[in-house]
Each structure stands twice: as C-alpha cells, then as structure tokens.
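Some notes on the model follow, point by point.

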Amino acid sequence: MPFADELISPDVATALSSSIQSAIPERRLSELPQLSGALDGMSLRERADLLRDGLLADVPGDYRALADVVRSARDLDSGFTGWMIWPVTSAIATRATQENTAAAFADAMALLAELTHKLTSEFAIRTLLRHDLDRALAVITDWTKSPDEHVRRLASEGTRPYLPWAVRVPEITQHPGVTVAILDALYRDDSAYVRRSVANHLNDLSRDAPDLAVETAQRWFEAPAPATATLVRHGLRTLIKKGHPGALALLGFAPATVDVDGPNVTDTQVPWGGDVHFSAVLRNTGTEHARLSIDYIIEYLKANGTLSAKVFKLAQRDLAPGAEVVIDRKHSFRPLTTRRYYPGGHTLALQVNGIRTHPAAFELLPADAQTALPAES
C-alpha cells in the first residue's frame, strides 16, 4: 500500500492548485497554493480534508459556483485526474450539503458520478449518504444500471458499511440490509471490477448481520452467474474464518468425520523474528466424501497478558473415505508494521470446517535472547 505522501503529495497539491487556477484565471487563488508545504505528517484523509478546505476557501459562494469551476477545470486540464480528485469531490459534497437544497444535492450526485472514472468518488459520496440516506440511495440504485463500470462500482463501493479510509454512515451500519438491493442488482455484473466490490461489500455486511449475508448469498446461488461462486467465497471469507455454520454449509463444508493428529509444534521456543513450524495429519474416518476448509489460529500474547486470536487460511482439501492429508507449515514472526509482538506464551490450533482443535503451546523468546552455544570439547 503506497504511503500518504505518495498519493496526495506536495506535487499533487500543486497540480490541483494549477488546475483550479486555470478554471478561474480572473481571480488569484490564495489558499491552495500554500498547502503543498503543509502536508507533512498528515494521514491520507487529513491531506484530502486540508485540500478540500483550501478549495472551498478559494471558491466562495454557492454550490453552483463551485460546481462550475470544477467542471471547467475538468474540461480545460487533461491532468485534472488521480488523487487530486478526492479533495475535489469532497468539496462538492460538502458545499452541496451546506446549501441543503434539492437542486444542489441532485447535481452533486451527478457530478460525483461524472468524476468517479478520474478517481473514485466513494469517499465523498459518504457525506451525501449521511446527509440524506434515502435520497442518495434512490440515485445510487439507478447507478446500478449505468453503462459505465466505474459508476456501477461506485454504487457498491460507496455504500459499503466499513469502507477503508472513509467516514462511517451510521444509518447503514445501524440498519444492516439497507444496501442489499444494490448488491442484488450487481452480483451478476459483467465487470470483475464491480463484482470484487460486491464481494467486499458482502463481507462488510457479514460483520453486523452474518445470517443476512448468508441468506443473501444463498439467494444468489438460486440464480447464479458463472462467477457467482467465486464472488460468494470472497464475500463470506470472514464468516468462514469464524467458523459460521451457515456460511460453511453454503460453500459445501459440511460437518465431517475427520481425525486430526496435531497440530504438533516442532520447537516450543521460537526466536524473535523466527518461525514457528507445525505439522498435522488429517484423516477422513467417515464413509462419505469430505470437503475440508482448513485454517490455523495463532493466539498472540498481548501487552496486558491476555491472548488475541488471529485466523489464517491454510488449505482446502477433498478427502475420500480413508484418505488423509499432511500439513507441514511454518508461521513467521518477522517484524511487521501492522502487528506488534510480545515475548511469552502463544498458542497455535487448527480449525477444520469451523471446529477448532486443542491448541499447541509455544514461547516467543525476547528480542535480546541468545541461543545457547554448545560447549567446546
């Protein structure tokens, strides 16, 4: 994932200022030109918000004044694209809600759809969703029939309950299912770009309403497209990791008669930055064919001494009666910016079709621990 200074950089801020200036040559900008040097230390969204506010200050007046400048900049400057568009779409949505008229709201929705192929308007649309959910959803529902895949994707991505980097829309998270009609309209979409968004949206929905997510996916299987199975597997991935019975059954992972020998940890002491090696043998002891979803679970030691579980995908296997599969894997404790490790006791377990095995314990050694050397003879 690129860093904030690579996406909305000082150069991007300068380019935005130039694009807006080209649209209003009769008036010198005062705020935007200064902001390229003010981005250091800010997150991506903070940078977008700062440039949004600068744009709003440099183009005062009503919503129409801003919309005219933005459309002019778009038509005059071929470089009016990329990450500079986030603060622009955010400014459009902000000014429209401040004006609070039906005309401004409708035009803002249309302008965001026009701009979304330059850079997705998924972040800015949240402001309009928060302002008037029903009105926004009525427009977005029509977007699902757009010939432009970017607009159709915006319908799904912009309404996701837990869209990364974006503000939450409480009316969506508090009322799971309000966006299901949008997903129903798009799950058979010809574009993989759109279907990927639908899958991620379904996964978001499963966080608040797991049974509804499964029911929705099950309904899609009743009228599937060639890619529906792939979409559903991705959309229910979190529920599969959690061992949700309905999600497992829908994807063919029914309860199975399986004997699990393991997991067995090779070394119970793992050096800081090293790997924990583990193995297991799974044998189908039943009389029916078994389709297995196999995960492993690391319980990480936290700073307060408690354990926090993280599920990792391992394998999917089909076993005939009497057949077995051997697991031989390792899990790395190399330093990561996204996870902090604490030395001490950890555990590792397998999860087979949602059922956990007994955990195997191991110790992560401190960073300064030294492996004892054999004595010289």
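1. Helix axes here are lines fitted to C-alpha atoms over the stretch in contact, and angles run from 0 to 180 degrees between N-to-C directions. The model is a predicted one.

2. On that basis, helix H13 (residues 210–222) packs against helix H14 (residues 228–235) at an angle of about 175 degrees, and their axes are 10 Å apart. Angles over 145 degrees count as roughly antiparallel, and H13 and H14 are therefore roughly antiparallel to each other.

3. On the H13 side the contact is made by Ala217, Trp220 and Phe221, which meet Thr228, Ala229, Leu231 and Val232 of H14. By class, the residues of this contact are 6 nonpolar, 1 polar and no charged.

4. The largest nonpolar core has 83 residues, of which Ile20, Phe80, Ile92, Leu128, Leu129 and Trp143 touch the most other members. Helix H6 (residues 102–115) supplies the largest share of this core, 8 residues. Apart from neighbours within four places in sequence, Trp143 is in contact with Met109, Ala113, Ile125, Val151, Arg152, Leu154 and Ala155.

5. An open sheet of 3 strands runs in the order S1-S3-S6 with antiparallel pairing. Strand S1 (258–265) and strand S6 (324–332) each have a single partner strand, so one side of each is left without a neighbour in the sheet. From one strand to the next, the twist averages 15 degrees.

6. The antiparallel pairing of S1 with strand S3 (residues 275–284) extends over 6 bridges. Valine 260 has leucine 282 as its bridge partner in S3.

Methods: Residues numbered from 1 in each chain as written. Predicted model: local features only at pLDDT ≥ 70, side-chain atom pairs only at ≥ 80, totals over all residues. Heavy atoms only, no water. Pairing = 2+ DSSP bridges. Helix = DSSP H or I, 4+ residues; strand = E, 2+ residues; numbered from the N terminus. Core = buried A, V, L, I, M, F, W, Y, C linked by side-chain atoms within 4.5 Å. Buried < 20%, exposed > 50% of the residue type's maximum accessible area, 1.4 Å probe, protein only. Contact = heavy atoms within 4.5 Å. Parallel < 35°, antiparallel > 145°, perpendicular 65-115°, else oblique. Nonpolar A, V, L, I, M, F, W, Y, C, P; charged D, E, K, R; others polar.
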